[in-house]
Amino acid sequence: MTYFDTLETRTADERAEAISGDLPRQIAAAKALPGYAGTLADVDPAAIRTVADLAALPVLRKSDLGAAQKKSAPLGGLTTLPTAGFAHIFQSPGPIYEPGGVGHDWWRMGRFLHAAGIGKGDIVQNCFGYHLTPAGMIFENGARAVGAAVLPAGTGQTELQAQAAHDIGCTAYAGTPDYLKIILDKADEMGLPLKIMRAVVGGGALFPSLRKEYADRGIACLQSYATADLGNIAYESDAMEGMIVDEGVIVEIVTPGTGDPVEPGQVGEVVVTTLNPDYPLIRFATGDLSAVMPGISPCGRTNLRIRGWMGRADQTTKIKGMFVRPEQVAQFVARHSEIRRARVLAQREGEMDVMVVQVEAEGGDVIDYQKSVIDLLKLKGRIEVVTPGALPNDGKVIEDQRTYD
């Protein structure tokens, strides 16, 4: 077994020691930026030395990026380099702009490609988009880090893609999980044998049936979890037991709508702090749900593992014409110290919306809970007190159970 670098096999103590040096520097760099003036002004960087210390800092959301960029275009005063100091500027819907670099493994995708067995001698057919969005460049940068050549195929034109894969002898695929099957089927239709043996995918669900179909064709397919803002967050290895957190980020799992860490193993929102000195995003909320897995990967990589993508954390739901948001549920829980968790159910009785608030608590005053619900959620709701541990561990604090058949 070979690893991308020695960071992957550090002991817990070695990783914690490195974090204790990295975090204060990163917080100090962010604090000096105008985009963080309103949130980190009173923070002492020297006091943030552990993952647990991060919980004292505010969460940064995608909407915050958009607001900051409107005030200080185009990058919101959140980067340590000027706009012209980056190799690329990308655009996501909103629009929101993201910087990109071409320095060694700037997006940290090489670690994933190496874990997938891609390296020198490979030719990667990169079918991620190259136009405005960063995915194509993220994977190209990763291929460069492991010494592989790239066919910058982009999206669409499947017949040309199949022809190029055959003519050039591409040995690996990068792209969304389902598009590889379209290329393979087109190549079969055209009578073109392909040499693709490995696939690295993202940006969509890799269903077990599709992974098996690729395996039956002799193609090992692994997936990563990355975003335009953060680059690689976590990735699969050949052990295929969860996703291993990248060495260039720090991951927390928090209760949706808050910055409060959940108990180990509980589902919550993925919050990421990057150690990228060019773009120091601090406690950036991805809006995705996941959970920490116990132990380390059988492949020998020792960093934290998460269960991968488990849905979206933004569960805002309209009930009786009013929006109920996860942060309102969090405020309700915080008001009553005996409540461990709460879950709002949107239901329908006849032609009427009904709100039920399930509360995990030992006892408690139902009438008091009802008053808090009206005050904080602005709606009347039926209270159901359940025993601790009774609510599902799926990260949901609002569940819409209504059907309109």
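Which residues of strand E5 are buried on one side, and which on the other? Strand E5 (residues 172-175) has Ala172 and Ala174 buried on one side and Tyr173 and Gly175 buried on the other, so both faces are covered. Here, buried means under 20% relative accessible area, exposed over 50%, and partly exposed in between (1.4 Å probe, protein chains only). Helices (H or I, at least four residues) and strands (E, at least two) are DSSP runs, numbered from the N terminus.

A word on the model: it is predicted, so local features need pLDDT of at least 70 and side-chain atom pairs count only at pLDDT 80 or more, while totals for chains, interfaces and linings use all residues. Residues are numbered from 1 along each chain as its sequence is written, and side-chain values use heavy atoms, with hydrogens and water left out.

**Strands and their neighbours**

Two strands pair if DSSP finds at least two bridges between them.

| Pair | Sense | Bridges |
|---|---|---|
| E3 (residues 123-126) and E5 | parallel | 3 bridges |
| E5 and E6 (residues 198-201) | parallel | 4 bridges |
| E6 and E7 | parallel | 4 bridges |
| E7 and E8 (residues 231-235) | antiparallel | 4 bridges |

Alanine 174 of E5 is the bridge partner of asparagine 126, and in E6 the partner of alanine 174 is valine 200. Together, E5, helix H6 (residues 179-190) and E6 form a right-handed β-α-β unit. Right-handed is said of a crossover if, with the strands pointing away from the viewer, the path from the first strand over the helix to the second runs clockwise.

Now to E7, where 6 of its 8 residues are buried. The chain reaches E7 from E6 through helix H7 (residues 208-216), in a right-handed β-α-β crossover. A hairpin of 3 residues then joins E7 to E8, and threonine 227 has glycine 231 in E8 as its bridge partner.

**Pockets**

Thr227 turns up again here: Tyr225, Thr227, Thr286, Asp288 and Arg312 lie nearest the centre of the largest pocket, which is lined by 44 residues. A pocket is an open set of points on a 1 Å grid over the protein atoms alone, where a 1.4 Å probe fits, with protein on both sides within 12 Å along at least five of seven lines; lining residues have an atom within 4 Å of a point. The volume of the largest pocket is about 1200 Å³, counted as the space filled by probe spheres set on the points, which are joined across faces, edges and corners.

The second largest pocket has a volume of about 1000 Å³. Helix H1 gives the most to its lining, with 6 residues.
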